[in-house]
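Trainee: Could you walk me through this model, one feature at a time? I would like the general idea and then the case at hand.

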Amino acid sequence: MNLEPITFPWLTLLIVLPLLAAALSLVLRKHPVFSRWLALGITLAVLAITIGIFIVADGRGGWLLYEDYPWIASFGIRYTLGLDGISLLLVLLTAFTQVLAILISWHRKYQMAVFYSMLLFMEAGIMGVFLSLDLFLFYLFWEVMLIPMFFLIGVWGHERRVYAAVKFFIFTMAGSLLMLLAIIALYLLHGQQTGDYSFALAALKNTSIPPALEPWLYAAFVLAFAVKVPLVPLHTWLPDAHTEAPTAGSLDLAGLLLKTGLYGLIRIAFPLFPEMAAASLPLLAAFALFGIFYAAWIAYAQIDAKRLIAYSSVAHVGFMVLGLCAWNVTAMEGSILLMFSHGITTGALFLMMGMIHHRTESREIGRLGGIWGKAPVLSAFFLFFALASLGLPGLNNFVGEILILLGAFHANPLWGALAMGGVVFAAAYMLRLVQGVIWGPSEGRTEEITWTDLHPRELLILAPLAVLVLWIGLYPETFLAPIREPVRNLLEGASLVAMKGGLP
Amino acid sequence: MIVPMSHILAFSGAMFFMGFACVLAQRNLIMILIGVEVMLNAVGLTLVGASALWGQVDGQIFVIFLMAMTSAEVSISLAMVVYLHRRSKTLEADAFSGMKG
Amino acid sequence: MNPNLLFIIPLLPLAAAVVNAVAGQFLPRRLSEGIAVGAVGFSTIATLLLWPLVDAEGVRAELYTWIASGDLRIPVEIVFDPLSASMTLMVVFVSTLIHLYAVGYMREERDYARFFALLNLFVFAMLTIVLADNLLLLFLGWEGVGFCSYALIGYWYREKKNADAGRKAFLVTRTGDVFLGIALLWLFSLTGTLSITGINQAAFDFGSGTLLLLTLLLLAGACGKSAQLPLMTWLPDAMAGPTPVSALIHAATMVTAGVYLLARLFPLVSLSSTGMAVIAAIGAASALYAASCAVAQREIKKVLAYSTMSQVGFMFLAIGVGAVGAAMFHLFTHAFFKALLFMGAGCAIHLTGENDIFRMGGLGRRAPLVFWTFLAGALCLAGAPLTSGFFSKDAILLATFAGGGVFQRILWGVAAATALLTVFYTFRLVYLVFAGSPRAAGEAHRLPGVMRWTLPPLAVLALAGGLLNLPVAWGGSGVLNSFLGRFAGREIHASHALEWGLAGLATLLFVLGWLLARLRYRPFPEERISPARDFLLRGWEADRLVSAVIVRPFTSLARILWQRGDRKGIDGFLEGTGHLLMAMGEGLRRATTGRLHSYLGGFAWGLIALLGWMLLRYAF
Amino acid sequence: MSTVLFYILGFTALAATLMCITRRNPVHAVIYLVNAFFALALLFYLLGAPLVAAWEVIIYAGAIMVLFLFIIMMLELAPMHTPAGPGWKRWGPVAALSLILLCCTILMVAVDTGSSQSVPFFYVSPRVFGTVLFKKYPLAVQVVSFQLLFAAVGAYYVGRSERLADREDKS
């Protein structure tokens, strides 16, 4: 805690900028065009800051940026933000995704300014989750990011939006309330033991918890995160939420919200309860493995393309959780890299489904088909991202998956071997999607409408994604370097605030 | 006075439960209020007895507070009885179920 | 010479593929085609120029580190040793000819850019498999080949049948890939490296059980790509793609990848005698199975497809008995004559507008060049004496026979029977397509020159390919075997007398098969429909079996899991909880009657409970 | 002597209360209740609380019960208008319930050894009473007086709005 705060509060800026813009655009909701450009400008500015940090950080380990101020002193609540390699990747992903979310909703009609405001609120919330090192602050942001998502689904969603929004809300709320209880319990325990009432993650790590209580607290944390991840069988909110959300919402859900759960496991649940974590890893792995097959299998049966992609997400997070459970460097790095990759590929698939839906007003696999003949560029991108999603070597998901598999096999050969089998399942449902959407005879909706291929704005959205897919697939070192040291620290159980970074 | 405390308590208890029975059994709002008065007086008896037992004035003082509160309560409740009677021409307690869930 | 120049060989097709994929639609057609053909052509030239780099130990070149994490380090590293060099040369050379042929074949297609981009990518992926010195890099090529075959088989995507065939190819081969993948994970876990050289060196320390399992996993992977039993169902359907694609898949690239993988990891594989026996048995069984199916096929390309499966079975058999040299020899000769046959078949289809051999006929007089070159390929396939096929197949039969044991004798018997069947169906094909009178009803196309003139060079190579590895008994020196050196597998010890004896037997089989086919098919036969023929036509009902045992249960289980598991199970449970709570709320709502007495009654009962509890506390 | 008086007065109070609560005519009930209150006031006196006894008579028997009577008469709840009182069906369970509760209470009192000791005569003079009341509980006195004020205002408000409502009905 005795680090000197860095002179310029870049991290606070990452949170405050979108927050201010969100408030402003809410106030000026009569001027949607202004708020649109404001949203784009702010998200671009945030992206520029994160890219700047990424470049300056240059793969260094430790805390790259750190801010710490007292906030509500009487309860020992502090405003502590910290950025290390793991959060850096996720913050980068957040900033990047949010720009795309704004761009894809460029022509939204209904209550446009409020819509952008919600997106910006969510950006602030997610950034906060990825950055905060004070559990109270973390919980605050955790809830903050929930609310805009609720409205995004409930107000701007598709047909069954209210059902999906309420389901989403109840699931995540149930989990997060448990977490709040556990946080308060930890706070009180730590306070009674040391007299220092604090919510700081680094301090709570040293709490000695009564053995009778420890499993319950750990379970509360894991349950909260597992709902968000989501781990089968807590996943059923996800297909509904993803399917009913507007495109930008699906993008944020798949790309970012799921990652907050995994990030919580890595950053909070595992370091706080190392022994419990070690004991529970086989169980979590069993759930993850089950999820890989279960979700993939169900994905295969889907009729709604968006729902299919949603289930594929569940299968992918199964891989990520398995990587965490393997608890070795290779798998853990693979897991974090896959978090980043999955945000890009699945996000891209949702974006593309949004574009197709925008044109055809249909998401049903049976009613689409033969798009290649009508819009080859769009179809080519679709094929490309689908291939990335099914883990074709040379594209981004493969790198993460193979690292996870190698690590998992090393930890337990059965895990690795079984998970490898999941690859065929992935191919089965993804090819079914591709088959149903871009190949085959063009009939049904495909034939009824006049097609326009990608226009420049859409190309602008997809091209950077495609570049990233190839970049991670062919030269993952750029993204593996920053997480190397944090992962090692995590595995060795090193103190959370051990090192000071070194940014000017 | 050579009365054991338990007897005082028994008397007040008996009176209290009579009032209680009145409140439960009677349907007329006036009678219900009368039952409440009985219960309150039973409590007053207990308080005075306790005051004597421990040789403290406080028990009696609380009886005074009790009376003051009771008169306040009675004035309000009787006003409401009048109000309700004017509104629905009855004093049947079961006729007033506006709080039904 | 700088070994890094070796990267030119695979990267040229890749670059061409990228150019064609990104800008192909905007380029003039000639330029697009030129880039595609030129890239592969230059690769061939580059291979020839870089040939001097080959040495017995192999030359390595590293581009950069692909993935590094923990102990894992995956370099993009290629190795140029006799095995990979000879394979590379074959791949690029045959691919060049196929690309040239494709220019003519796809003349009327509008979506040429996609085709050439994928074709080039295919070659790149295959070259990656061949050159990679790292199993993960090999896996990249391995999966890349799978994807390209998927996209190319489904090239005419508008027909659902084609797209489905492509998907089937991808899924079946990927099932094999999973086993290869598991082997890869295991090998890394055992050795801490994925370098093929390193693994081959470390293999001596593995336990026998481990070795057997690893061999079986690798075999399963190889079976997927090489369409061997039981992962063979995709190959006949793969004929849905354009003919150059079939030629590429069958002759030069995809199906031989499995053989190549086993040859590459032969030091590991050979350590497990049981594993080797399984490989040989799978090879022999696939060979016989495919040959029996080929006898009944009606579509010209399906006959060739099954013959490929059968010939690759021979190669597996060779690997299984340890004769890697013979396997590679057969692989090369097969590449030449099978490419030739496919291209010839493409010409036949082009000329008649028909796929069905029973409706072709009489092409011999219409297109003599096609006839003679096709005949050359057919002779090689049938193993006519002194053609390349004769020598390479003979080498395999010899190696099997020389193995000595009862098991090997049985395999030899199977292989000999397969050889007889091969002669029979080959000549059946030749007679039905080229002899007799024309029976085609379809629309005939003119044959572009570029299609016709790619045939003769291949015909020459196919006929003379035997020189590549002429056995000592025939006055040769076994050039390929000595070039391959330590990669050639075990030495075959057989007397010249045995060799001559087997060669004589092979000749006998050839003549017998030819006579049978001539007797049956020289005069155009009436079509006879029999259950046995249908059974063979549908490939022993393998598709129906797979559909009944795997596909349909998979699909219905998916639906059951979704509806029962997710909807009814989890959601139902949660919604049930919700309904229960609502019902409880409803009950509570009813309890609030709004009547004073019910509240007071509750109050009384509560009081009783409270007093009772206190009493109990006092009493006890 | 005073012991005997205590029991006599106690049973009188109980009997009067019993009569009170079982009456169907509220006027009768009030009269019986006044009776009970007198007995109770005497009990208070016996227990050494003359001031409380006086107030019991003045406030309860005098003011509050008169208020009840006024209301009963104002609403013309004369005997013929009296609603039918509860029958045995209703009294039965209630009586049983109350008896159980009473038994529980008496049992508790009986098992508690502390309550068996005799109550001494503890006389509180009005002077002492007043001194303690205003010295020890000044705040409570304030609060209670405000309570009374609010009650007066409240009663007035309820009555007034009634008249307003009536006027609205007529118009």
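Mentor: Gladly, and we can begin with a pair of chains that stay apart: chain A and chain D do not touch, and their nearest C-alpha atoms are 32 Å apart. Two residues are in contact if their C-beta atoms, placed from the backbone, lie within 7 Å. This is a predicted model, where local features need pLDDT of at least 70, side-chain atom pairs count only at pLDDT 80 or more, and totals for chains, interfaces and linings use all residues. Residues are numbered from 1 along each chain as its sequence is written, with chains lettered from A and ligands numbered from 1 in the order in which they are written.

Trainee: Which chains share the most contacts?

Mentor: Chains B and D do, of the four pairs of chains in contact. Chain A and chain B have no contact, and their closest C-alpha atoms lie 25 Å apart.

Trainee: What are the confidence scores of the model?

Mentor: The model has ipTM 0.75 and pTM 0.82. For pLDDT, the predictor's confidence in each residue from 0 to 100, chain C averages 83, and 98% of its residues score at least 70.

Trainee: How should I read a nonpolar core?

Mentor: In soluble globular proteins, nonpolar side chains tend to be buried together. A nonpolar core is a set of buried Ala, Val, Leu, Ile, Met, Phe, Trp, Tyr and Cys residues joined through C-beta atoms within 7 Å. Buried means 20 or more other C-beta atoms within 10 Å of a residue's own, exposed means 12 or fewer, and partly exposed is in between, with C-beta atoms placed from the backbone. Here the largest core has 444 residues, and A:Leu322 and C:Ala339 touch the most other members. Its largest share, 20 residues, comes from helix α15 (residues 324–352) of chain C; helices are DSSP runs (H or I, at least four residues), numbered from the N terminus. Another core, of 83 residues, lies apart from it and includes B:Ala25 and D:Leu33.

Trainee: Is C:Tyr521 buried or partly exposed?

Mentor: C:Tyr521 counts as partly exposed because it has 19 C-beta neighbours inside 10 Å. C:Tyr521 sits in helix α23 (residues 496–521) of chain C. Leaving aside neighbours within four places in sequence, C:Tyr521 contacts C:Arg428, C:Tyr431 and C:Leu432.

Trainee: Where does α11(A) bend?

Mentor: It bends by about 40° at A:Leu253, the bend being the angle between axes fitted to the seven residues ending there and the seven starting there. Since 26 of the 26 residues of α11(A) are buried, the helix is largely enclosed by the rest of the structure.

Methods:
Helices (H or I, at least four residues) and strands (E, at least two) are DSSP runs, numbered from the N terminus.
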